[in-house]
Amino acid sequence: MEEKIILLIEDSTDDEALTLRALKKNNILNEVIVVRDGVEALDYLFGTGQYDGRDTSKQPELILLDLKLPKIDGLEVLKRLRADERTALQPVVVLTTSSEEQDMLSSYELGANSYIRKPVDFKQFIEAVGHMGLYWLVLNQGPPRVNK
Amino acid sequence: MEPAGFKRRFLLFILLTWNLPPLIGFGFIMLFGVLTTQQIIEILTMPVEPIYILGWQVFIIWFFPKKLRPLTDWLKTRGATDSSLVLSAIRQFPLWYWGLFLLYQSLAVISVVAAAVLHTDFVITPLILFRFALVALIVSIIVGLPIFFLIMDLFGKAMGGLVVKRPIVTIRTKVFLIGALIPLLIDSMLVQYYWTRTGYFTTETFVVWLMLELLAIGGSLIFMRSFGQSLAPLQTVLNHTEDLSTMDFSLLQSKSTDELGVISGSYQRLLDMQRYSNMELSKSKAEFEAVFNSISDGVIYSDIERKIILVNPAITEMFGYSAQELKGKVTAKLYADTKDHEDREKLRFRSDAEDSQTLYEMQYRRKDQSCFFGKTYETKVTDSNRNVIGLLEIIRDITQKKQTEETLHRFQQRLGLHFMQTPLGVIEWDLDFNVVDWNPAIEKIFGYSKQAAIGRHASFIIPNAAKEHVNSLWNDLIKNTGGFHSTNENLTKSGVIIHCRWHNTPLVDGTGKVIGVTSLVEDITETLKVEEELKEHQEKLEELVEDRTAKLKTVNKELEAFSYSVSHDLRAPLRAIDGFSLALLEDYGEKLDDEGRDYLHRVRNGAGRMALLIDDLLQLSRISRGRLMRGQVNISKIARDIINNLNEQEPGRKVQFDIATGMRTNGDQHLLVILMDNLLTNAWKYTRKRSSAKVTVGKIVRAGKTIFYVEDNGAGFDMQYAGKLFGAFQRLHSDEEFEGTGIGLATVQRIVHRHGGAVWAEAEVDHGATFYFSLESAMAFTGNTSQVTDKVGKITTN
């Protein structure tokens, strides 16, 4: 069985550190790839730009997506990712600070699988990440790999 | 006739009938020498004859009054008893009278003969017996006949007023009796006289006497027949007494040339005339009634005392009285003012013939006391001697006409006033488009005085450019087919062109023919100018509004972007602060002393409070944005859900909730949940220090508006700070006492304001607080505590 990769799309280093700590605290030890903005995220997923040549048949098991990103924002990334058959079925969890209804609605409309609001209280954050990891990485059966 | 007088006279006649024959009979016997005086005295002194005579006297005195009792009774009761008994008694009387009288006479002969044979030496021969019989016959005629007629006449007199339909003793009977009996009397007297003088009486004498008698009877019968013929026409009347009106009068035609013939002829003509005049009378009566009853004007016929004799149906309808109610009443009853009646009375006595007919208007009064004006035509009715015998009044109700006249008058006055006072110009035109009338307002508009304008053709106020337009209008107007409204240019006296609005109405006569035109004129030059200016201003204003709206939209967008950033960018650092503080505590906690750890806890608390503050602020800003989704909202259910939540979060708290059921209102469900959550959370929070906390949610209705309230018995607050209550970040308690962001009530107020309603509070330190809100518009009592107190008294919870 191959290792399940988690793709964390997050511009804030603080949030990155906190997210990684939360994953670690929950004993989620999967490899985490961190990208800083929407462009980089798409490059990674589609094997373009700085990730030119990456084997795109191997896609992250879980994509954690922040909405507020430099260059290309989270919703746009989600839209493009769903439009490409390689990533159309990958589980995407929106992990964001925003509690705007509009954001939540747009995310689900564009095909997000979950929407988690980052609480300020870190204890709650750890708890939330724990639940998420357990569900998406352990319980959930991912889509069958067609082009493998 | 007095019954006593009648009885006395009747008895006198009867006694005469029975007493005269013996006197006269014996007188004749002595005169004819049938018996000697000696013999007569002997007969009369013997008991047979006096007993016979006296016996009859007693009998008749008892018998006849008894037979005639019905007649005397009838007289006594003045005709009240049965008249048929009276008639039958009278009818039977002649039978009894003659029967008894002739019996008396016949027996008298026998009694005299018997007395003579028994008491004297007198020898009776058949001749002597015959002579006695003749004497009795003579006496019977001499006494019986006149007295009989006297008695019948007495009956006739006594029976005045009694209807006798059939004659009791006919004239023919009387004629026969006189015609037959008088010769018999004369002949018998002659026979007796001749016999006495000559002592000679043979069979021949007797036969001659008998022949004469038969001739007399025969002649009497012929005479009677002739008499009967004369009477025949009158006899037919007897047979038709029941229905004289239907009798054929030709039967009355005279059949004789005597007086009776003449009388019956006259009688026939009289009856004919009467019948004709009767027919004429009933005809004219019917005609009169038809006219009288069908006259739509009221007609009253009264006597000279003005007592009503006759009224027609129109009167009963006009006054509401029935004809019966009016009959015999004085006409004063019908006058509204009795003084009017008196005045009419005075006039009545001015009996000059010229005044026999008058016409006047009078106010009358109906039965229901309402009054009306009647035009009255009064005529004096006179008899053939020009004496006034009555008054005829013909009344026409002219109230309607009077009202119409008055209305017309008022209308004319009003119209005149309008014409003079209206700010609208009024022009009346004749059919040639010349001015007929010109009011003061139009003088002002065109500058021409009325004198200058009247009679001029319209062209003097029409500029050349408008002539064609106006002429076509005029042609439509006089055909009454159009041109009723127009706005066109006109020319004033000073040569200025003005704009006028015209409202034209063709004037038509009763047949619909146009006879002129009236125009109402409004000078709208100024108005048009103002309208133009207004339009310009409006355009500018619209531009301005558009501009401002655009700016506002931009600002709104910026604001949205700002709050979006706030939601993200302010929270991210907080998360870092909290997250790393916790990491520090977890990873390096043991390297710090208690104070150090406490500081880190404080850092985390600060971050937590800041996060809360940001969330509340976001909510507050979000409430102002977005559309209000109104619908039916169940306040009671929302309250119960929130309370369940609170109880779950802090299961240790014991708060008694009292929530009225079925509270509903119209509003945005989502916002009202936030509102109720804020109010109930506050109530929950501020009653924390109460041992028996109590929260009531209810509603009251005031001035038709529903007011909801949340009441607690918690910490309350000082009313002098009530004004600060709903401001953002305004707190009346310290954080140590009661934590909070100071945004909750600001949110509540904003939600209520977005619904167009009002919110206010009432409280007392340590005695709880009550928050009122209503989602219905314009609550005049916002913040008025005295009214609020009044309301609290009326709170009902169920």
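Select B:D615: it is partly exposed, at 25% relative accessible area (buried is under 20%, exposed over 50%, partly exposed in between; 1.4 Å probe, protein chains only). This is a predicted model: local features need pLDDT of at least 70, side-chain atom pairs count only at pLDDT 80 or more, and totals for chains, interfaces and linings use all residues. Residues are numbered from 1 along each chain as its sequence is written, chains are lettered from A and ligands numbered from 1 in the order in which they are written, and side-chain values use heavy atoms, without hydrogens and water.

B:D615 sits in helix α18 (residues 594-624) of chain B and B:R571 in helix α17 (residues 525-588) of chain B, so the pair ties together parts 44 residues apart in sequence. Helices here are DSSP runs (H or I, at least four residues), numbered from the N terminus. B:R571 is buried, at 3% relative accessibility.

Next, select B:K637 and B:D641. Their side chains form a salt bridge at 3.0 Å, N to O. They are four residues apart in helix α19 (residues 635-649) of chain B, so about one helical turn separates them. B:K637 is partly exposed at 45%, and B:D641 is partly exposed at 38%.

Move to A:E10 and A:K118. Here a salt bridge spans 2.8 Å, N to O. A:E10 is buried at 2%; A:K118 is buried at 0%.

Definitions and conventions
A salt bridge is a side-chain nitrogen of Lys or Arg within 4 Å of a carboxyl oxygen of Asp or Glu. Helices (H or I, at least four residues) and strands (E, at least two) are DSSP runs, numbered from the N terminus.
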